[in-house]
Structure formats: structure tokens, C-alpha cells
Amino acid sequence: MTTHKAMPHFLASPTFQRCLLTSLALLASALISQGQGIRLQAQSQPQSQQQQQQEPAAAIYAQSELTSKHLITGEQTYLKISIQNASQGFRPSAPQIPNTAVNFASNRVEIDSRRRITRSFVYRIRPAKPGIYTVPPVSATGRAGQYSGQALSFEVRDPNELSKVPSGIAGQDILIGWFPEKTKLYAGEQCPVTLKIYVPTQLRPTSWGLPESEKDNCLAWRFSAPTRDNLGEVFINKASYISAPFKTTLSGISPGKATFGPTRLSIVSRTRT
């Protein structure tokens with residue numbers, strides 16, 4: 001295992017010397033400066049009719065989420081829309097997002113222990129240019145009326161802004177990117193931070209260690225490891241990469257400069273003999 005030190009692109013350019021293919025460590029530093037009740041009167045009616053009148057229409061529930069809100073050009077994310085109590089056969093339209101390809105990917109139906117039916121629709125989103133993008137709010141109709149959710153936003157960067165970590169194999173550099181929501185904080189204010197690692201597919205990573213960071217004048221939760229669902233694939237300069245996001249939340253302690261890092265991360269890669 002060889003250790004590398006890297007500074008995120010918004011602080012400094014890193015210098016690297018060695019990297020071992022089967023187990024590598026990255027060090028990176030970042031400066032870090034969110035019923036209405038219905039009363040029915042009992043009447044002498046058949047029981048089935050009485051039950052129908054006593055059961056108000058269930059409120060529509062809808063939730064939208066993105067598998068990743070921090071991307072580079074050409075990298076894809078997935079929008080999952082989950083809906084309860086919408087009209088039978090309802091399917092949300094594909095969102096209209098400028099400079100972005102949006103395609104329907106899949107759908108499924110789930111029934112929980114309380115016999116509530118949730119219909120989920122998944123759309124593949126692939127932006128073509130850097131920038132801040134907005135996913136329009138989802139709207140649904142049902143017996144209880146109409147529901148409109150909240151918009152989602154995601155960030156897209158140029159791949160050239162990523163920092164490089166040599167892997168020891170020509171043309172197989174590891175790329176890293178820091179995505180803090182803010183770089184200036186009030187004391188005690190929380191700030192989500194995502195560290196994304198882009199590993200050449202040919203290195204065949206098999207497991208991911210949890211990043212360990214040094215902290216000065218700030219606190220941070222333990223990083224969450226990437227799951228199979230939020231691992232992505234992207235082509236950078238015609239080479240295939242696997243993207244893995246690691247997420248944490250920082251908070252400043254007192255006014256002044258705060259630093260987060262160096263950060264050590266181990267990735268185990270499978271090699272062919």
C-alpha cells in the first residue's frame with residue numbers, strides 16, 4: 001500500500017509519487033469555510049355503503065430522489081419517483097431538463113405490511129454540459145386531489161477539474177473530486193460534503209475502505225461508504241471509469257479558518273496473474 005497526498009482542486013494542485021495497484025491510499029485536503037379530518041354522521045344504510053362513505057380518499061404521497069447530486073460531464077444519475085394513492089395507471093412524465101438526456105429506465109410496484117401500494121418510476125439522467133441543473137417537481141392526481149412535490153438540483157463539473165492520482169500504470173490515473181455544498185460556514189452550521197473517486201474500470205476495484213480525515217476547527221460525521229446502487233460509470237477522455245461517492249457532514253467550531261484533511265482512503269483492486 002502506498003500513500004498519496006492530494007489537495008482538492010479549489011485549494012491546490014497535488015503532487016504524487018507512487019501508487020500500488022492492489023491497495024492504494026489517497027490523501028486529500030479541503031478547506032471548508034439543511035388532515036384535514038372528515039366527520040361522518042351515522043345513518044341507517046347497508047354496511048358496505050356505510051364503509052365506503054366513512055373512508056375518505058387517502059392523501060397522495062410522492063417522493064423524488066437522485067442517486068447522485070454531484071456529477072461530471074457525461075456521468076449519469078438516476079431519478080427515482082415513488083408515489084402512493086395516485087390515480088390508477090398514473091405514470092409521471094419524463095422531466096424536461098436543458099442540455100440533459102432523460103430516459104425511462106424501469107418501474108416496480110411494492111406493497112408494505114399495511115397493504116399500502118407504492119409505485120416507483122426510475123429515469124436515467126445524463127447531462128452534457130457543466131452547470132447547476134434543476135429537476136422540476138413531480139405532480140400527481142388522485143381521489144384526494146392533486147399533489148405537487150419539490151424541485152431537485154444537481155451539480156455538473158468539467159472532468160478537467162478533477163485531481164489525479166497515478167496508479168502506476170500508464171493512462172490509468174485515479175481521479176478525485178471534492179463537492180462541498182459551501183466553502184464558508186457560520187460556527188455550528190452544518191455542511192454536507194461528497195468525496196467522489198473515479199477509478200479506471202480496468203483496475204477492477206473490489207472493495208472500498210472508509211475515508212479517515214484529520215480535522216482542524218471543525219467536526220465531521222463518519223463517511224458513508226458507497227453502495228452498489230450509487231456506484232456509477234462514466235467515460236472520461238474515451239476511458240471507462242467507475243465512480244464511487246463518499247458522503248459526510250461537517251460543522252465549524254469557531255470563527256476563523258477550518259481545514260478538513262488530509263484524508264486517507266484505501267481501495268482494494270483485483271489484479272490478473
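E155 and R157 are both buried, where buried means under 20% relative accessible area, exposed means over 50% and partly exposed lies in between (1.4 Å probe, protein chains only). Their side chains meet in a salt bridge, at 3.0 Å from N to O; the term stands for a side-chain nitrogen of Lys or Arg within 4 Å of a carboxyl oxygen of Asp or Glu. The model is a predicted one, in which local features need pLDDT of at least 70 and side-chain atom pairs count only at pLDDT 80 or more, while totals for chains, interfaces and linings use all residues. Residues are numbered from 1 along each chain as its sequence is written, and side-chain values use heavy atoms, with hydrogens and water left out.

By this rule, the salt bridges come to 4. One of them joins the side chains of E75 and K196, with an N to O distance of 2.6 Å. E75 sits in the loop between β4 (70–72) and β5, and K196 in strand β14 (residues 190–200), so this pair ties together parts that are 121 residues apart in sequence. Here, too, both partners, E75 and K196, are buried. A further salt bridge links R108 with E110, whose closest N and O atoms are 3.2 Å apart. In this pair, R108 counts as partly exposed because its relative accessibility is 46%, and E110 is likewise partly exposed, at a relative accessible area of 34%.

Turning to the chain as a whole, the model contains 1 helix and 20 strands. These elements are DSSP runs numbered from the N terminus, with helices (H or I) of at least four residues and strands (E) of at least two. Of the 273 residues in the chain, 38% are buried. The chain exposes about 16400 Å², of which carbon and sulfur atoms supply 46%; accessible areas come from the Shrake-Rupley method with a 1.4 Å probe, and for residues only the protein chains shown count as cover.

Two strands pair if DSSP finds at least two bridges between them. Strand β3 is joined to the antiparallel strand β5 (residues 77–84) by 6 bridges, and A62 has I83 in β5 as its bridge partner.
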